[in-house]
Amino acid sequence: MLAGCVYTCIDPQPMTWLRRKDLEELELQHLAPGAALSRQHGGRRIEEEEDPLRTAFQRDRDRIIHSTAFRRLQHKTQVFTAHTGDHFRSRMTHSLEVSQMARNTAIALRLNPDLAEAVALAHDLGHPPFGHVGESMLNELVADEGGFRHNAQGSRIVDLLEDRDGKEGGLNLTTTVRRSLLKGVIPEGFPLSPDLLPRPAPPVEAVIVDLCDKVAYLSHDLDDGLRAGLLQVDDVKTLALWQQAESRVGTERVAQIHSEIVAILVQDLVESSVVPHGPDADITTRPVIQHSDAITVRSQELLAFLRDRFYQSKRILDDMEVGRAKIRHQFAHLMDNPEQIPDTMRRRGRGSSARRLVCDYLAGMTDRFLMSQ
Ligand code: MG
């Protein structure tokens, strides 16, 4: 957390423990004017007393980690279906990688690392089984009722489908974190909580998470593709980013080159972003979070390569086709047999249409649970 990076230089009494109010004070002293402050978290839907030790964003992060939806991410597809192998990324390890990158980037830019961490851990909570194929299948199946997209579904999960204390308030996260989860496209008419409409601009920490999401999947998908033998080193050597990393580490060892690619992308993100801070900073200027033009071009080259050679490879497409067919079949089955949807699910989703309820239930399933149905 924030104190971990700065408290040694500001705490006048090193033996004193830090309370939430001290951490909030540290945020005020050390974060840039454009950072989100946990003290100004925008409230919770159900009012609560603040925690004595943790800031509001740290508390949100902990609720996300303890949620059922977060635990399910370990059995959800990143690129390989979750039952393919023990060493490939799952949605959970992907989320952990994003969180670590977003946290470090936020610290370097004097933005709020606790907010970045919470948002990163939650950014894929709404992913259905079988990744983007599952997402597009569900989007088709509920197209007439606001469609489906994982970021919108994440918001529905934290607001409605998780029930931490039986009060039907979801995880009761802060408004700042809830707004951050809406970064990206939301289908017209998707049933979001009304207090999130119209959608305001997300805090700048959400933009960091969005870019670190890309850094994470570009780098780890390259690594997973090589590990699986679907990509060949001789081919990836043609990529400018690979060549840059290889020349920096001076070895052909794949693990080191992969690690260097992450370092190049994160360092570039920090060095190319503009976050005014210091006594003369213009507090009306919104920070700009961005990569350099050169790295943007190299990242696009890597993405095009992965799309062509990895995401569209026969082995991946065959697996995904199985998932797509299973979701379509199970959707129809549950529409005909709604009594098979658990009572808790029906209670939390009450007021929703039958199709939305089936969609919520299916989206929450892990790959292996879906395949066992
Ligand atoms: Mg992601």
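**Exercise 1.** Are His123 and Asp124 buried or exposed?

*Solution.* Some ground rules first. This is a predicted model, where local features need pLDDT of at least 70 and side-chain atom pairs count only at pLDDT 80 or more, while totals for chains, interfaces and linings use all residues. Residues are numbered from 1 along each chain as its sequence is written, and side-chain values use heavy atoms, with hydrogens and water left out.

Step 1: take the cut-offs, with buried meaning under 20% relative accessible area, exposed over 50%, and partly exposed in between (1.4 Å probe, protein chains only).
Step 2: apply them, and both His123 and Asp124 come out buried.

**Exercise 2.** Work out which residues coordinate the magnesium ion.

*Solution.* Step 1: collect donors, meaning N, O and S atoms within 2.8 Å of the metal (3.2 Å for Na, K and Ca); water is not among the atoms, so sites may look incomplete.
Step 2: you get NE2 of His94 and His123, plus OD of Asp124 and Asp213, at 2.2 to 2.4 Å.
Step 3: along the sequence, the donor residues follow the spacing H-x28-H-D-x88-D.

**Exercise 3.** Find out how covered helix α17 is.

*Solution.* Step 1: get helices from DSSP runs (H or I, at least four residues; strands are E, at least two), numbered from the N terminus. α17 covers residues 354–364.
Step 2: nine of its eleven residues are buried, so to speak mostly covered; among them are Arg356, Cys359 and Tyr361.
Step 3: with contact meaning heavy atoms within 4.5 Å, the buried residues of α17 pack against helices including α7 (131–141) and α15 (314–336).
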